[in-house]
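User: I would like to learn how to read a fold. Can you walk me through one?

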Amino acid sequence: MARFSFTTMNLYNLQASRRTTYPGSKPLGADLYWAKIRFLGMMLKAAKADVFGFQELWAVSALRDAFEEAGLEDEYEFIARDAPGTGKPQVALAARKGTIVYDGKCSDDSSFWINDFPEGAVFRKRRTIEQVSVDIDAFSRPVLSAMVQPEKGPATRVMVAHLKSKRPIQLDGQEYGNDAVRPHADALGQALASIRRTAEAAALRVILNESMEGNDTPHVVMGDLNNGSLSVSTGIITGDPRYRLIESSRPVSGKRADKGLYSAEMLMHLRTQGHTNYTHIYENKLEVLDHILVSEEFYDHSPRRVWSFRYAEIFNDYLTLPHKRKDIEKALESDRKAMWPTDHGIARAVFDHRPYS
């Protein structure tokens with residue numbers, strides 16, 4: 001039976017050896033770099049999929065090194081680009097050779113990436129107690145959008161995203177210099193980060209609305225969305241479709257299912273009650289930040305189903321190791337050199353070709 005699988009992986013600022021990432025960062029020496037590549041190669045083999053989505057890529061050459069380490073360099077083609085000099089890591093995609101569709105809309109590399117918000121993403125409410133004005137008009141990290149043709153079934157729109165993190169945004173000097181504002185810089189910075197992440201989620205949803213409505217093209221969104229499955233921002237992206245526990249449950253609402261996205265994590269929860277899943281640990285908080293979201297063509301109870309959910313898994317055992325920078329470097333320099341490629345778990349979802357009948 002034909003299968004269609006997806007893996008999303010945060011590369012933890014994957015940069016070429018001896019090259020820096022953010023201003024003030026220190027480059028990895030050759031030993032640490034190749035230790036990271038060895039681990040990434042091992043995880044690429046373990047989480048092997050028809051389509052990979054990557055986040056925090058700085059150098060395409062480093063990603064190719066990881067695939068070569070895994071022995072997969074001849075099996076995949078890449079949509080990837082180096083980070084610009086402005087210090088903005090990129091998302092990337094790898095798909096089995098011959099499956100990326102070049103349909104005229106993707107005649108060059110730049111056309112795969114979406115930098116600016118669509119025209120319909122407007123965040124403004126006037127002259128009421130709920131007055132709001134948000135001027136964000138671009139993604140902090142461009143979204144990648146491509147068509148992939150599996151062995152069976154229709155071509156699928158795959159989007160890879162990396163939304164703004166929960167890390168507080170630093171206040172500008174004018175605000176930080178204000179004695180009334182400065183003591184609250186952390187809370188205000190978190191609010192700014194949340195506003196940006198939510199605006200990015202809404203802009204992505206506008207793009208999805210325009211791409212999904214009124215057609216049967218399967219859609220997959222995957223990446224580091226920096227929030228949980230039930231959060232407001234992730235819910236905006238998914239459109240909060242209804243899930244059916246059994247076939248006789250209330251039918252899926254037509255319009256919402258047409259544009260909705262189903263979380264592979266939630267589908268896994270429905271089969272593995274009581275299990276705890278996580279892709280990130282911060283200050284002992286376990287969260288799923290890395291998601292694979294699929295349209296109704298991948299949902300078992302939809303009459304438009306093409307693919308049936310088989311299973312999902314998260315590779316995350318290494319996250320329980322000490323995760324302070326000095327400890328990471330010590331681990332990399334020890335006999336366990338390959339233990340720290342990323343500070344996120346790796347999510348994988350697998351589907352069987354089984355059209356609804």
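**Reading the fold**

Analyst: Start with burial: buried residues make up 50% of the 357 residues in the protein chain. Buried means under 20% relative accessible area, with a 1.4 Å probe and protein chains only. This is a predicted model: local features need pLDDT of at least 70, side-chain atom pairs count only at pLDDT 80 or more, and totals for chains, interfaces and linings use all residues. Residues are numbered from 1 along each chain as its sequence is written, and side-chain values use heavy atoms, without hydrogens and water.

User: How many helices and strands are there in the protein chain?

Analyst: Helices (H or I, at least four residues) and strands (E, at least two) are DSSP runs, numbered from the N terminus. Here there are 8 helices and 17 strands.

User: Which order do the strands of the open sheet have?

Analyst: Two strands pair if DSSP finds at least two bridges between them. The open sheet has 6 strands, ordered β3-β4-β2-β1-β17-β16, with mixed pairing.

User: Which way do β1 and β2 run, parallel or antiparallel?

Analyst: Parallel: 6 bridges join β1 (residues 3-14) to β2 (residues 51-57). Met9 stands opposite Phe54 in β2.

User: What does helix α1 touch?

Analyst: Contact means heavy atoms within 4.5 Å. Helix α1 (residues 30-46) packs on the sheet and touches β1, β2, β16 and β17 (346-353). Helix α2 (residues 60-70) also packs on the sheet, touching β1, β2, β3 and β4 (90-96).

Methods: Axes fitted to C-alpha atoms, helices over the stretch in contact; angles between N-to-C directions.
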